Amino acid sequence: MKKLLLFALALCMGGGLDASAQEVSQQKIDSLNRALDEISTRLQQTETFEINRAIWKNRSRYFNLSYVKQTLSPDIKGWEVPEDSELKSDIGAALVWGKTYYLHRKPLARMIKFGLDWSWMDLNYARYKLADFETGEDASQKAHQLEYGMQIGPSVTINPIHHLKVSAYFRVTPSYSMIYRNEDLYHHYATFCNTGFAVAWKVLSVGCEWRWGKANYNGLSVNLDDLIGDFDDSGFDGDLDIPSADDVLVSLEKMKLKTKSVRIYLSFRF
């Protein structure tokens with residue numbers, strides 16, 4: 001009888017040990033699964049952070065090399081210059097260097113960010129050939145126009161997939177404008193506006209922008225024949241000293257000229 005009782009007690013103790021061992025084993029498995037889930041979550045967060053860093057933070061600076069097509073014409077109240085008579089550039093180029101400061105850390109809808117663009121360098125150059133209307137041929141005389149300014153304005157950038165980004169912007173560009181003609185240099189402050197769009201893939205980006213503005217050039221004498229050909233004083237509205245037939249130069253105390261540009265550019269983002 002004693003042997004039977006001892007055998008039954010041993011069985012009970014063995015069953016309890018097996019149950020306890022199974023319980024400890026299950027706890028270890030659950031703990032391991034939780035650790036793996038935490039590691040997986042952290043890896044995913046790190047991967048997302050690195051991708052966002054590569055797409056946004058590491059690509060916030062830009063350096064643009066632009067081809068410029070530009071027109072120059074007088075801006076006189078009450079007188080509209082025909083589009084086909086504007087002075088048009090034959091050579092033009094621009095350099096723009098700046099950075100986009102995004103206004104929020106996380107992209108809206110995981111793909112949109114608003115920012116503030118600041119270009120601390122906007123260097124724009126254009127050269128014009130002055131036509132000789134007596135011979136109908138291009139004169140050897142040329143005019144050169146150069147502006148240095150700083151752009152600032154809002155932008156919106158969309159990242160639809162991977163490293164592809166599409167952006168649009170509007171910027172105000174306070175500038176100093178210079179015109180060199182006939183060995184004389186004329187210069188004055190000018191405010192330009194820039195608006196455009198760009199498509200970027202990682203480092204490389206291509207874009208197009210429109211630029212316009214006006215400036216008063218003190219003491220500038222402009223040959224209206226160079227700009228628009230024959231002119232008629234009846235088309236002017238204002239106090240202008242119309243020259244005689246022997247003198248085609250119109251000298252104004254402050255000659256206001258308007259500039260319009262189209263700039264197509266290749267950009268490097270870093």
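Tutor: Contact means heavy atoms within 4.5 Å. Setting aside neighbours within four places in sequence, Y128 is in contact with Q70, T71, L72, L87, K88, S89, D90, Q141, K142, A143 and Q145. This is a predicted model, where local features need pLDDT of at least 70, side-chain atom pairs count only at pLDDT 80 or more, and totals for chains, interfaces and linings use all residues. Residues are numbered from 1 along each chain as its sequence is written, and side-chain values use heavy atoms, leaving out hydrogens and water.

Student: Is R110 buried or exposed?
Tutor: Buried means under 20% relative accessible area, exposed over 50%, and partly exposed in between (1.4 Å probe, protein chains only). R110 counts as exposed because its relative accessibility is 77%.

Student: How far apart in space are R110 and N159?
Tutor: Their C-alpha atoms are 8.2 Å apart, while 49 residues separate R110 and N159 in sequence.

Student: How many cavities does the whole structure have?
Tutor: A cavity is a set of points, on a 1 Å grid over the protein atoms alone, where a 1.4 Å probe fits but cannot get out; lining residues have an atom within 4 Å of a point. Volume is the space filled by probe spheres set on the points, which are joined across faces, edges and corners. The search finds 3 cavities of 30 Å³ or more, and the largest cavity holds about 190 Å³ of space. Among its 17 lining residues, T100, S167, R171, A198 and R269 are the closest to the centre.

Key. On a 1 Å grid over the protein atoms alone, a cavity is a set of points where a 1.4 Å probe fits but cannot get out, and a pocket is an open set with protein on both sides within 12 Å along at least five of seven lines; lining residues have an atom within 4 Å of a point.
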